[in-house]
Amino acid sequence: MLTIHASIQVILVSANKLTRYIEPCQLTDDFGGSLDYDHSDWLNKRLVFEKFTKESTSLLDELTIINDSEKSTSVDKDKTTDGALLPSFDPETVLQTGHELLSELQQRRFNGSEGGGGGQAAPAWCPMEEELLAQPQVMKLLDSLREQYTKYQELCRQRNKRAQLDEIHAKVMQVVNWLQGPGSELLKTHQMIGDSMRAAQVLQQKHEEIESQHSEWFAVYVELNQQIAALLSAGEEEEVVELKALQQQLSDVCYHQASQLETRQNVLQAAHVFHSTTQELSQQLDGLLGMLCADVSPADGASIQQNLKLLEEKLQTVEAGLSSLRQKGTLVLEQMCGQSSWSLEEAESPPGEQQDNVQHVQAVLEEMELRKQR
């Protein structure tokens with residue numbers, strides 16, 4: 001026996017005699033004991049525990065900061081959340097690791113508490129003190145993490161909704177701005193009715209190009225309207241008010257522009273009919289004038305009567321054509337008045353093109369009247 005200090009004794013003993021001083025249930029099989037202990041297993045569990053503790057603590061701090069910062073930015077709605085923080089670890093993965101770890105610790109504790117029933121049975125493995133202490137620590141971290149993660153999920157849901165609303169708003173304003181800007185300018189700068197059928201056909205082709213451009217934006221309007229309707233069905237009160245206002249603004253502008261396109265189309269159709277009637281009446285007047293100026297000597301009274309009857313029929317045809325032209329001219333003027341109503345509201349004075357259109361129709365009617373009188 002080697003004495004080191006009066007109160008400390010060091011006993012040197014071989015491995016196979018350790019059981020004289022230490023209970024066999026406290027020694028592993030390597031030292032002649034019955035303790036069921038796997039150091040590799042303990043080390044792996046310890047590494048998992050330390051990894052979970054480190055990641056969950058860091059994640060918990062990050063989620064707390066993110067949630068608290070979101071509360072402060074929600075007060076000031078002008079601040080953007082585009083640069084919002086993202087957690088360094090995946091919360092789902094960390095939570096899954098924690099649940100697996102807790103389940104393992106609880107299972108080991110349960111197995112250890114059952115004990116060996118028979119005296120001949122080998123002593124059951126008992127969890128070490130640090131494993132017993134790890135369980136409440138893991139449970140506390142999991143509870144805190146779940147609480148903050150739930151708040152974070154709600155925060156992300158609100159962010160996604162806000163992002164959807166902002167995207168919808170941007171698209172709505174894009175459509176509105178084009179229709180009220182370039183779209184309206186296209187219609188304002190193309191109001192002529194032409195001075196012939198050919199000119200009217202050219203204007204009709206131009207109008208179809210303008211309609212094609214508008215159709216692309218109207219297609220966006222239909223898509224946006226469907227998206228807004230879907231959001232309205234699941235939106236909260238504040239979001240519903242904002243979405244309905246956007247929907248109403250978009251619908252008003254689109255329907256207004258569609259109405260102007262339809263009115264312009266009606267003007268062009270009326271102008272085409274007017275030019276067609278003018279051309280037909282002009283040919284009738286030319287034929288009547290040619291008949292009157294022709295140097296033809298009637299052979300007998302029957303021929304005279306026949307020529308007078310033919311002349312009367314042509315005069316009636318010209319009169320009917322002139323009456324029809326007046327009606328077509330009045331229709332064109334009425335259609336143009338409908339077309340210019342929005343321009344009168346948005347401009348200080350009617351466009352010069354509209355005045356030219358009115359003067360052209362009136363001039364044609366006067367010219368045809370004079371030709372008929374001659």
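**Figure 1. The whole chain at a glance.** Buried residues make up 30% of the 374 residues in the protein chain. Keep in mind as you look around that this is a predicted model. Now take the contacts in the chain with a separation of 6 or more: 79% of them are between residues 24 or more positions apart.

Figure 2. The mean pLDDT of the protein chain is 80, and 80% of its residues reach 70 or more. Among the elements, helix 4 has the highest mean pLDDT, at 92, while strand 1 (residues 2-5) has the lowest, at 51. Where pLDDT is low, the predicted coordinates should not be read in detail.

**Figure 3. Inside the largest nonpolar core.** This core has 21 residues, and the ones that touch the most other members are Ile-168, Val-172, Val-175, Leu-179, Leu-224, Leu-250 and Cys-254. Which elements give two or more residues to this core? They are helix 3 (129-188), helix 4 (197-234) and helix 5 (237-293). Helix 3 gives the largest share, nine residues. Zoom in on Ile-168 and, not counting residues up to four places away in sequence, you'll find it touching Leu-224, Gln-227, Ile-228, Leu-231 and Leu-246. Apart from this core lies another one, of 19 residues, including Phe-49, Phe-52, Leu-101 and Tyr-149.

**Figure 4. Helix 4 from end to end.** Helix 4 has 38 residues and reaches 55 Å from its first C-alpha to its last, close to the 56 Å expected at 1.5 Å a residue. Its buried residues are Ala-200, Leu-203, Gln-204, His-207, Ile-210, His-214, Trp-217, Phe-218, Tyr-221, Leu-224 and Ile-228. An α-helix has 3.6 residues a turn, so residues three or four places apart point the same way. Ser-233 is part of helix 4 too, but it counts as exposed because its relative accessibility is 64%. A polar atom of the Ser-233 side chain lies 2.6 Å from the backbone oxygen of Ala-230.

Figure 5. Gln-265 lies in helix 5. Is Gln-265 buried or exposed? It counts as buried, because its relative accessibility is 14% and the cut-off is under 20%. The side chains of Gln-265 and His-207 are joined by a polar contact of 3.5 Å. Leaving aside neighbours within four places in sequence, Gln-265 is in contact with Gln-204, His-207 and Glu-211.

**Figure 6. Val-361, tucked into helix 7.** You'll find Val-361 in helix 7 (residues 352-373). With 0% relative accessibility, Val-361 counts as buried. Which residues is Val-361 in contact with, leaving aside its neighbours within four places in sequence? They are Ile-193, Phe-274, Gly-329, Val-332 and Leu-333. Val-361 and Ala-271 are 90 residues apart in sequence, yet their C-alpha atoms are 9.3 Å apart in space.

**Figure 7. Thr-53 in helix 1.** Thr-53 has its place in helix 1 (residues 39-75). It is buried, since its relative accessible area is 16%. A polar atom of the Thr-53 side chain lies 2.7 Å from the backbone oxygen of Phe-49. Not counting residues up to four places away in sequence, Thr-53 touches Gln-137 and Leu-141.

**Figure 8. Glu-100 in helix 2.** Glu-100 lies in helix 2 (residues 91-114). With a relative accessible area of 49%, Glu-100 is partly exposed. Why not exposed? Because that label needs over 50%, and Glu-100 has 49%. Glu-100 and Val-48 are 52 residues apart along the chain, and their C-alpha atoms are separated by 10.0 Å.

Note on methods:
Residues numbered from 1 in each chain as written. Heavy atoms only, no water. Core = buried A, V, L, I, M, F, W, Y, C linked by side-chain atoms within 4.5 Å. Buried < 20%, exposed > 50% of the residue type's maximum accessible area, 1.4 Å probe, protein only. Helix = DSSP H or I, 4+ residues; strand = E, 2+ residues; numbered from the N terminus. Contact = heavy atoms within 4.5 Å. Polar contact = N/O pair within 3.5 Å; in protein donor to acceptor, adjacent residues only side chain to side chain. pLDDT = per-residue confidence, 0-100. Expected span 1.5 Å × (residues − 1).
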